[in-house]
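These are my notebook entries on one structure. I record what I looked up and the rule behind each term.

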Amino acid sequence: MSSVTEQQHDQAAHHDGHHHPAKGFKRWLYTTNHKDIGSLYLIFSLTMFLIGGAMAMVIRAELFQPGLQLVEPHFFNQMTTVHGLIMVFGAVMPAFTGLANWMVPLMIGAPDMALPRMNNWSFWILPFAFIILLASLFMPGGGPAFGWTFYAPLSTTYSNDNTALFVFAVHIMGISSIMGAINVIVTIVNLRAPGMTWMKLPLFVWTWLITAFLLIAVMPVLAGAVTMVLTDKYFATSFFDAAGGGDPVMFQHIFWFFGHPEVYIMILPAFGIISTIVPTFSRKKLFGYASMVYATSSIALLSFIVWAHHMFTTGMPVAGELFFMYATMLISVPTGVKVFNWVATMWRGSISFEVPMLFSIAFIVLFTLGGFSGLMLAITPADFQYHDTYFVVAHFHYVLVTGAIFSIMAGAYYWLPKWTGNMFNITLAKWHFWLSLVSVNVLFFPMHFVGLAGMPRRIPDYALQFADFNAIISIGGFAFGLSQLLFVVVVFKCARGGDKVPAKVWDGAEGLEWEVASPAPYHTFETPPEIK
Amino acid sequence: MSHAPLLKRLVVICVGMFAFAFALVPLYDVFCDVTGLNGKPSLEQAKQSTSVNEAREIDVSFTTHAQSGAPFEVQSHEYSVVVKPGAMREVLFRAKNTSNEDKVMQAVPSVSPGKAAKYLHKIACFCFDQQPLKAGEEVEFKLLFYVDTQLPEDVEELTLSYTVFDISRQIVASN
Amino acid sequence: MGKLSSTLWLILFVLPQQVLANNQFNMRKGVTDISNDVYQLHMTIFIICCVIGVIVFAAMFWALIHHRKSKGAKPAQFHESTKVEILWTAIPFVILIAMAVPATKTLISMEDASKADLTIKITGSQWKWHYEYMGEDVAFYSILSTPQEQITNQVDKSSTYLLEVDKPLVLPINQKVRFLMTSDDVIHSWWVPDFAVKKDANPGFINETWTKINEEGIYRGQCAELCGKDHGFMPVVVEAKSEQAFANWLSEAKQAKANAAIADAALLDQILPKEELMTLGEQVYMASCAACHQPTGMGLPGVFPALKGSPVVLGDIKDHIDVVLHGRPGTAMQAFDKQLSIKQLAAVITYKRNAWGNDTGDVIQPSQIQAAIDATSEAK
C-alpha cells in the first residue's frame, strides 16, 4: 500500500503546502494530522458520552419509582441497549483511540501516525455508524431492543426489521476500530525514534500496543457474529436456530469470545494512563515497570480463555465451569500486581493532588472495588445468584465508569494543557472531580445491594422492596450526569483560553511529550529526537 | 521504512480472525461432542452395542415440546423406561400433524444431564431425517437406542427431549 | 474503657452483621442446603476481599497522608524490588487457592445426577412460564397476576407487586425436585433466589438443575435473562408444601382437570350471551394478549400489529380462529390452543371482533372453537 516512493511523495506534499492546517470544515474533513484526528476522536467521544448519558437519564428516571411512568417497556429496552452500545463503541473506545492518536506519536518521537490517510478514514466512518444506529430509534418499530449483547434468537427471529441497521452500524464501528488498531501497531513498531527500545516505551504506549493486538484479534470475531445474526434473520441460515441444527448458546460463545477481550480493550489503556500520571504527581519513577508490562500482557492473554464465565447459567459441564472459574480468578493476580505497583509508586514519594492525580487515586480505589466484585462473580456457585442482577450492573459500571471513564478524565486533565497551551480552570475541575466522585458512588454503590437482594437487570419496573435504593440510585445518576456538564465547560473554557503553560506542564512529568512546546505545534518530531 | 509487510500481516490476522469466527461453528460442534455441552447429542446413527451391563439400571424418560406455532403433537407411548446399559431398547412415538396443511417436521434431540449426552446412542431415530406429514396425518415413529456401558456412575436417570419444529417454510425457501 | 470498647464492638461487629443479615442489603441464605452453602461462600469471598482492600488502601492512604509534597516529603529513589514483586504475586495465588477450594466443593455438590423424587419441566415463553409435572399429567401456565392499573399507577401497589402469579408452581419440601428447562421462543432464565437456582431455558435444548427445599413457604423470583418487551413482568412463584399437602394438591389438580374437561363438553351445547363473552374476553385479553397488542388494541407500530381495524380480526372468522389457535410460526404470535380453554378462546375472539370500534357484531361460541380444533385434526 505505501511503498517507499509513495512515502517520499507524501513527505514532498507535506513540504509543499501542509505546514499549516487548512481553514474551516475542510481542515477537519481532509486532515491526516494525528493531532487533528485525535481531537476529532475526543470531541466525538465526548458527544457520544453525553448522548449515551442522556439515555441513562431516561433509564434512571423510569426506575426512580416502581410502576411505569415515562416510557413503555419496549422503548426502555431500546434505551438500555443503545446506551450500552454507545458507551462502549462510541464513548470509551473512541476516547482511547483519540488519546492514542494524540499521544503515541508524541511519546515515541514519531512525526505522525504511520498511515495518516487510513487514520482519516477510520475516524470519519465512525459518525456514520452512530447516525445509522441512532436513526433506527426513530423508525417504526424502534432501534435494537435486545441488549448490547444481542443474544440470539431475541436478535434474530424475534427482532424487528431495523436489526439490519444495527448490524450495519456495528460493522462500521468494527472496521473503524480495526483500522485504528492497525495504525497504532504500525506506528509503534515502525516509527519509534532511534534509541526508543521496547523496554523504554512509556507504559501508555505499551498498553495501547497490547490493546491494539486484542482489537485486531477480536473485532473480526464480532463482525462474524453480527454477520451470522444478519444471515440467520434475513437469509435463512441456522447458525443459532435449533430447527436447522444450530444452537442459540453458540451465539453466546462467539459473542463472549469477542466480549471478554473487549472488556480489557476498554481497561488496558486506562492502566497505561494511570501508570503515567501516578509517577508524575508522586515525583518518583513508576514502581516495577517491567512487571507492569508483563502483567498487561498476561491479562491480555488470559482474556482469551475466560469468556464462558459470562455463561455459567447456560448449562455447562462441571469441568468447563471449573476451568473458567479458575482461569477467571487467575486474572486477579496480574491485576493485583498493577494495583500494588501503583501503591508502591506513591509510597515514599512526594505526592501532590492536582486534578489528574485526584482522578487517578479515585480510579485506583474504585476500580479495585470493581475488581473485587469481579472476583466474586468469578466464583461459579455464587455467580448463579449474582448473574444478570444489578450486582453485575454495579460491577461493570465500577470498572467502566470509575475505571475507564475516570482514567479518560484523568488523561484529559493531564494532557489538556499540552493540547491547548492553556491551564484549565482548576477550581471548576476540582468541583467536577468531587461532585463526580460523590455522585458516582451514590449512583453505583447501592446497585450492589439491590442486586444481592434479587433485582434482575434490564427491567423497566421492579418489586416494592427495591424502591428505596432505586430512588437513591436515580438521584445519584442525575447528579453524576449533571456533573459531567461541568467537564464540558472546563474543556470548552480551556480551549478558548487561560493561563499559558510551559512545555513541561507538570514539574514531575517525564516523557517526550513534555519536550515539545505547549500547545503542541501542528508538526512535531519531523526530525526524530534523541533518546538517552 | 516501508510499512507494507507489517500492514499485510496485520490484515491477514484480521481476515483470519473473521474466518475463525465462522470456524467456531464446526469447532463448537466438536466441542459439544467431546464435552456433552448443552446436551447436544450426535445426529448420526450409532454403532451397535457390544456388551450389556446387567448389574445397572438407568431410568430414561422422554419428553417432547412442539415449538410455538409448530402444529404437531408428538408423544412417546411410555413416559419412561428402565434400561440396562448396553441393552437395545425400542420406544414408539405417536406424531400427528394437527393443521390442515401438509407440513415438514424436524425433531431436535437434547439429552439431560448434558454429560450423559454422548452415552446415549441412537440406532434409529425419526430425528435423523426431516419428516413430511400430510394435513391431519398421524404416524408412529420408532426410536431405537441404548445407553453406553461407560455412562458415568453417578448418573441414575436421564431425559431425552425432542423439540419439534415446523420447517416447511425453510424447505420452501431453499427450493 | 468498657463503654468505648462495647461501642466499638457494636460498630465493628454487631452493626455490620445486622446490616448483612438484612435481605434488603445482602444475598439471602435461602431455604436449601445449596443456597446456604452459596451464601457462606459469598460471605467468605466478600470478607477476604474486604480484608485485602483494607490492607492495600490503608497503605495507600498512609502514603497519601505522610508522603505529601506539602509536608516536605522528598521522593525516594527505589523503583523495583524483585523480592517484593514475587511476594505480591505469590500471596494472591495462595489466597485464590483458599477461595477455590470451597467454591469447587459447592459446585460439585450442585452437580448431582442421582434420581429425583419429582421432575418438573419448565418451559419459558414470552412472557410466562409453563410447568409440567412429568409423568403426572398435570400442567399449567403461570402468568403475572398484578393488574395493569397497579403497573400504570392508577391504584396502590400490592405488597407482592410484580412478584405474584395466577397459579404458582407447587412443590413438596424434603424431596429432590429435578427441573428440566426449555423455551418456546427466546432464551429465558428461571431464577428463585431462595433456592440459589438460576438456569437458562434455551429454545431447542433442555437444561437441568435441581433443588431440595427445607422449609414450607412461598418463594418468589423472576426471569433473569432479557427476553423481550415484558422481561420484567414474568415472575416465578413457588409454593412449597409439606409432602402430604403436596400429594393432596396434586390429586386435586388432577380432579380439577377432569372437571374442566366435563365443563368444556357441557359448553358445546350452550349458546353463551354476548355480554358474558365480552366480559370474560376482556379479562383474557388483558392477561394474554395486551402485552403485545396493547390494551388499546393498537399494537406497537413495527413490532406488534394492531388488532383495531386489522384485516384478520375484521375478516373471515375461521382464519381468525386459526391464527389464535396455532399462532404464526417464526413470529412472537404464539399458539393459544393449549394455553386457553375453549370458553376463554371463544370469549377473547368475540372481544377482539367487537372492541375498539371493531364492531363486527360476531359472537363466537365455544362449540365453534371445538369444531375448528376438531377440523384441523381430522382434515383428510
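Before reading any accessibility, I noted the rule: a residue is buried under 20% relative accessible area, exposed over 50%, and partly exposed in between (1.4 Å probe, protein chains only). I noted that this is a predicted model, in which local features need pLDDT of at least 70, side-chain atom pairs count only at pLDDT 80 or more, and totals for chains, interfaces and linings use all residues. Residues are numbered from 1 along each chain as its sequence is written, chains are lettered from A and ligands numbered from 1 in the order in which they are written, and side-chain values use heavy atoms, with hydrogens and water left out.

**Entry: salt bridges within chains**

I counted as a salt bridge a side-chain nitrogen of Lys or Arg within 4 Å of a carboxyl oxygen of Asp or Glu.

I looked up Asp154(B), which pairs with Lys115(B) at 2.6 Å, N to O. This pair links distant parts of chain B, 39 residues apart: Asp154(B) is in the loop between β8 and β9, and Lys115(B) in the loop between β5 and β6. Helices (H or I, at least four residues) and strands (E, at least two) are DSSP runs, numbered from the N terminus. Asp154(B) has 34% relative accessibility, so it counts as partly exposed. Lys115(B), at 24%, is also partly exposed.

I then looked up Lys254(C), whose salt bridge with Glu136(C) has its closest N and O atoms 2.9 Å apart. Lys254(C) lies in helix α5 and Glu136(C) in the loop between β2 and β3, so the pair ties together parts 118 residues apart in sequence.

**Entry: His34(A)**

Is His34(A) buried or exposed? I found it buried, because its relative accessibility is 0%. His34(A) lies in helix α3 (residues 34-63) of chain A. I took contact to mean heavy atoms within 4.5 Å. Leaving aside neighbours within four places in sequence, His34(A) has contacts that include Trp102(A), Met113(A) and Thr524(A). The C-alpha atoms of His34(A) and Met113(A) are 6.0 Å apart, although 79 residues separate the two in sequence.

**Entry: chain C and its partners**

I read buried area as the accessible area (1.4 Å probe) that two parts lose on being put together, summed over both. Chain A and chain C bury about 8,000 Å² between them, with 70% on carbon and sulfur atoms. The contact takes 94 residues from chain A and 92 from chain C.

For chain C and chain B, the buried area is about 2,900 Å², and carbon and sulfur atoms give 47% of that. In chain C, Ala113(C), Phe205(C) and Ile206(C) lose the most area to chain B, together 21% of what that side buries. How many salt bridges are there between chain C and chain B? I recorded 4. One salt bridge joins Glu157(B) and Lys115(C), at 4.0 Å, N to O. Both residues belong to a network that also links Asp59(B), Arg178(C) and Glu208(C).

**Entry: the UniProt record**

UniProt, in an unreviewed entry, lists residues 45-65 and 86-104 of chain C as "transmembrane region". Its positions are given in the numbering used here, feature names are shortened, and annotations may be inferred rather than shown by experiment. In the model, residues 45-65 are 100% helix, with end C-alpha atoms 30 Å apart. Residues 86-104 are 100% helix, with end C-alpha atoms 27 Å apart.
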